[in-house]
Amino acid sequence: MENKKYRVSFPHIGNYMYPIYNLLDKLIDKETAEIILAPKITTNTIDLGAKASPDFVCVPFKYNMGNFIEALENGANFLIQAGGGCRYGYYGEVQEQILRDMGYEFTYINLLDPEGLKPEKLFKRLKKLNKNLKFSRFVYAFLLTIKSIEILDDFETYMRDNYVYIDKKEEVNKLHLEFLEHLKNLSNLNELYKIKREYFKKLKSLKLNKNKPDVIRVGIVGELYTSMEPFSTFFLEKELANMNVAVKRYTTVTYLLFKKGKALKKLLKSSSKYITYALGADGTESVAHTLELIDKGYDGIIHIKPFGCTPEVNAMPILQKISNEYNIPIMYLTFDAQTSRTGLATRLEAFYDMLKMKKEQKENIKPLEVKNETEIKEKRYINDNNKKEYRLQN
Amino acid sequence: MNKLYIGIDIGSISTKGVVIDDDNNIIASKYLWTEGSPINATKKVIASLKETLDEKNIDKQIYGIGTTGSARNLIGSILNANIIKNEITAHAIGTLSVFPNVRTILEIGGQDSKLIILRNGVVIDYAMNTLCAAGTGAFLSSQAKRLGVEIEDLGKLAKLSKKPSKIAARCTVFAESDLVHKAQIGHTKEDLIAGICNSVVQNYLNNLAKGKRIEDTVVFQGGVSKNEGVVYAFEKALNKKVHVDQNSHLMGALGIAIISKNANKNGTRLDFDFNIQDVSFKTVGKECKGCSNNCEVVSIYKNDILIDKMGGRCDKGNYIKHIG
């Protein structure tokens with residue numbers, strides 16, 4: 001087969017490759033361009049990436065580099081990066097330079113601007129890829145992608161919440177994969193909505209065994225890449241789900257792109273007892289969402305970050321304070337390019353045991369009766385006064 | 001008739017084994033170096049436990065076997081354990097059986113350190129060192145070697161010091177260069193050793209105990225708790241009494257033995273042969289070629305019969321045929 005002029009590729013994060021693939025598929029000129037998916041992340045990816053990256057840079061940089069190198073090796077010559085938030089926003093330029101120094105030749109564009117998503121600027125950049133691209137076509141493809149990302153996030157959020165309660169794990173996994181494949185090949189919004197209806201119906205028809213004993217509910221807060229790319233945390237969420245844990249996570253692409261901007265003020269208000277100013281990147285979220293998870297009665301919190309993540313390091317002492325005041329365990333996990341999961345397994349197992357024993361004890365004494373939201377809030381303020389062990393009081 | 005339970009804690013540096021009865025009394029125990037071979041160390045521990053039981057003329061009726069520590073999965077499958085648990089839970093359970101009122105457990109082992117916070121007999125929080133082994137037994141033993149002192153004598157020598165040297169606590173490499181400088185400008189060996197003990201404690205408190213409430217009763221355990229110098233440094237830094245049980249190095253093994261007792265709810269007797277000294281165990285590590293993750297899958301053979309495989313990220317590697 002003859003090679004097309006533009007061979008487009010982009011780094012992976014979670015399952016977002018499916019809608020992004022669909023977006024590019026709509027934008028490129030099939031005569032002159034094709035999409036080359038970077039191979040799925042494996043230990044080889046991170047090895048290649050770590051070798052080409054500065055040692056002290058955070059691990060998302062290394063994964064991206066691995067993806068780029070593997071894609072370039074497979075023949076890609078047009079790379080797309082999407083950065084923003086923290087220093088991640090500057091990674092694109094550095095990565096481009098390193099790859100050029102390594103001798104690769106390619107065109108490079110960044111989807112996001114430092115101030116966030118700017119569709120009109122993005123359109124100009126995508127023109128590089130397809131001269132004949134119409135603005136209307138771009139807008140439609142763009143909308144379709146936003147919608148499918150939203151629906152994908154809804155789907156996976158439901159899965160995280162309920163995976164432990166579903167007895168037929170194989171079916172839900174199969175359904176998930178089928179659903180993702182559909183997202184890769186969408187032609188219009190109607191088709192998307194049809195797929196949404198069909199798959200949500202199938203998903204929700206799977207019986208939930210809510211009486212399952214020993215289920216622990218854990219919230220995951222922290223940095224975005226480690227939150228959304230399962231490989232970078234040794235499939236933390238999957239491990240937890242297999243250990244009988246229902247997982248809650250707020251950080252999704254939908255949240256980051258479309259809700260985060262508006263939410264900031266509210267988050268600062270709800271966590272005003274602990275923070276006055278934004279902590280940068282997702283630090284504010286880590287604090288505010290931790291408080292929210294405590295309100296919702298979650299048993300424990302896991303805070304994750306890549307090694308050296310400054311915004312999350314900012315959040316940690318505050319989380320520690322919250323942990324002491326509300327008497328809720330928070331486990332802090334730091335990830336880098338290491339590939340042995342033994343240490344993580346030990347910590348997760350111990351965390352689970354601890355939460356389970358705690359829960360059993362709590363149940364033996366007296367369950368915390370919570371009737372409505374205001375009452376939760378009141379409890380929180382009572383708790384502020386006598387700080388600790390309020391959950392253990394009779 | 002007495003029911004007995006075995007707990008084995010296979011750490012990176014040392015392997016611990018205990019046999020307990022129904023009332024959690026330690027009937028036999030053994031502590032020795034792992035020396036990089038958990039299987040051999042376990043064989044020796046089991047042989048020694050058997051010897052002790054024989055000497056005491058105790059009927060060897062085993063109703064539970066538990067393994068913990070970093071080699072818990074490997075040894076668990078070799079001994080056919082009825083429970084395999086992480087060391088944090090094991091330590092908490094073990095310590096609670098000796099100190100029911102414990103609220104803080106300080107634990108420093110060969111390569112890791114842990115802080116376990118309990119309230120009303122339940123673990124409510126813990127921390128474990130993450131990225132490096134600074135401030136653990138490995139550091140102490142390498143520094144003891146550098147100073148030409150037996151590790152067992154460190155504690156005694158540290159206690160002789162009147163004015164401990166100041167040694168950087170954050171990083172082992174910095175600590176080591178500090179140590180060399182101080183030695184070269186004439187600090188005495190006792191002061192240097194006391195300085196190292198303080199640095200271990202500082203490292204521990206700065207890394208693990210950051211923001212955590214250390215409340216009485218404080219119990220210190222793990223191999224390093226046998227070092228009086230570190231115990232003294234902890235007491236001074238915390239301004240609290242630090243309890244060290246005579247079996248403080250065995251707490252993990254004791255804990256896992258108790259857990260194995262609780263796990264055997266039916267009370268069925270386990271078919272356990274103490275003569276594993278004569279059984280040959282072989283482990284073969286091979287890279288699974290099922291996907292590009294190339295997981296190293298370890299196969300365990302007992303007398304040349306495959307009994308277990310582990311190490312794969314997915315089930316594929318653990319059952320795959322081509323890794324024999």
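Into which domains is chain A divided? Chain A comprises domain 1 (6–133), domain 2 (135–209) and domain 3 (214–392), with bounds taken from an automatic or database domain assignment. This is a predicted model, in which local features need pLDDT of at least 70 and side-chain atom pairs count only at pLDDT 80 or more, while totals for chains, interfaces and linings use all residues. Residues are numbered from 1 along each chain as its sequence is written, chains are lettered from A in the order in which they are written, and side-chain values use heavy atoms, without hydrogens and water.

Within chain A, domain 1 and domain 3 bury about 1,700 Å² between them, 73% of it on carbon and sulfur atoms; buried area is the accessible area (1.4 Å probe) that two parts lose on being put together, summed over both. One salt bridge is counted between these domains, a salt bridge being a side-chain nitrogen of Lys or Arg within 4 Å of a carboxyl oxygen of Asp or Glu. The side chains of A:Lys62 and A:Asp336 form a salt bridge at 3.7 Å, N to O. On the domain 1 side of this contact, H3(A) supplies the largest share, five residues.

A further interface joins chain A and chain B, with 26 residues from chain A and 27 residues from chain B in contact, that is, with heavy atoms within 4.5 Å. The two chains bury about 2,500 Å² between them, 49% of it on carbon and sulfur atoms. Two salt bridges are counted between chain A and chain B; A:Asp353 and B:Lys85 meet through their side chains in a salt bridge (3.4 Å, N to O).

Terms used: Helix = DSSP H or I, 4+ residues; strand = E, 2+ residues; numbered from the N terminus.
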